[in-house]
Amino acid sequence: MKLFLILAVINGFLSVALGAFGAHGLEGKVSEKGLDQWGKAVDYQMFHTMALFVTALLMSKIQTGVMTGAGWFFLIGILLFSGSLYIYATSGIKVFAMITPLGGLSFLIGWILLGYAVIKYI
């Protein structure tokens, strides 16, 4: 539980910092499409940071490996989805855009595991 809370705090900080960097540091340096991709990466990082935070809090009530799995899948999703979009937005290297769906799949698995745990144990 504590690990996921710490990871959520770190990701929350990074979401705000990267959002500010995108708004102020990338303007005029990357294309409009790149800025849109950067913004989507920030949005999904923050949304799933909150999912990670909720998962960590629920772990005190639901103590099962399913919750741990949900937390890891949310973190992996942040790294793959948002991370690949950050790199693609600034580099334009298409191979990174091909990684993004794996992050989306990780998010989906995290939500399925979280939903399963809530339905089964609450």
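This is a predicted model: local features need pLDDT of at least 70, side-chain atom pairs count only at pLDDT 80 or more; totals for chains, interfaces and linings use all residues.
Student: What share of the residues counts as buried?

Tutor: The protein has 122 residues, and 43% of them count as buried. Its accessible surface comes to about 6,800 Å². Carbon and sulfur atoms account for 74% of that surface.

Student: What about charges: how many positive and negative side chains are there?

Tutor: There are 7 positive and 4 negative side chains. The centres of these two sets lie 18 Å apart.

Student: Let us go inside. Which residues of the largest nonpolar core touch the most other members?

Tutor: That core has 17 residues, and the ones touching the most other members are F4, L7, L52, M67, F74, L114 and A117. At least two residues of this core come from each of α1 (2-24), α2 (32-58), α3 (65-91) and α5 (100-121).

Student: Which helix gives the most to this core?

Tutor: Helix α3 does, with 5 residues. Another core, of 11 residues, lies apart from it, and its members include A41, F81, L85 and F107.

Student: Back to F74. What does F74 touch, if residues up to four places away in sequence are not counted?

Tutor: F74 then touches H48, A51, L52, T55, F107, G110, W111 and L114.

Student: And F4, is that residue buried or exposed?

Tutor: F4 lies in helix α1. F4 counts as buried because its relative accessibility is 3%, and the cut-off for buried is under 20%. Leaving aside neighbours within four places in sequence, F4 is in contact with L52, A56, M59, T68, G71 and W72.

Student: How many residues apart in sequence are F4 and L52?

Tutor: F4 and L52 are 48 residues apart in sequence, with their C-alpha atoms 6.6 Å apart in space. Across the protein, 74% of the contacts between residues at least 6 apart in sequence join residues at least 24 apart.

Student: New topic. Where does UniProt place the feature "transmembrane region"?

Tutor: The unreviewed UniProt entry places this feature at residues 43-60, 72-89 and 95-119. In the model, residues 43-60 are 89% helix and 0% strand, and the end C-alpha atoms of that span lie 27 Å apart. Residues 72-89 are 100% helix and 0% strand, with end C-alpha atoms 25 Å apart.

Student: Where is T100 found, and what does it touch?

Tutor: T100 is found in helix α5. With a relative accessible area of 9%, T100 is buried. Not counting residues up to four places away in sequence, T100 touches L80, F81, S84 and L85.

Student: Last one: is I122 buried or exposed?

Tutor: I122 counts as exposed because its relative accessibility is 55%, and exposed means over 50%. This residue lies in the segment after α5. Leaving aside neighbours within four places in sequence, I122 is in contact with L58, K61, I62 and A117.

Student: How far apart in space are I122 and V16?

Tutor: From C-alpha to C-alpha, I122 and V16 are 32 Å apart, and 106 residues separate their positions in sequence.

Methods
Residues are numbered from 1 along each chain as its sequence is written. Side-chain values use heavy atoms; hydrogens and water are left out. Buried means under 20% relative accessible area, exposed over 50%, partly exposed in between (1.4 Å probe, protein chains only). Contact means heavy atoms within 4.5 Å. Accessible areas come from the Shrake-Rupley method with a 1.4 Å probe; for residues, only the protein chains shown count as cover. Lys and Arg count as positive and Asp and Glu as negative; His and the chain ends are not counted. The place of a charge is taken as NZ of Lys, CZ of Arg, CG of Asp or CD of Glu. A nonpolar core is a set of buried Ala, Val, Leu, Ile, Met, Phe, Trp, Tyr and Cys residues joined through side-chain atoms within 4.5 Å. Helices (H or I, at least four residues) and strands (E, at least two) are DSSP runs, numbered from the N terminus. UniProt positions are given in the numbering used here, feature names are shortened, and annotations may be inferred rather than shown by experiment.
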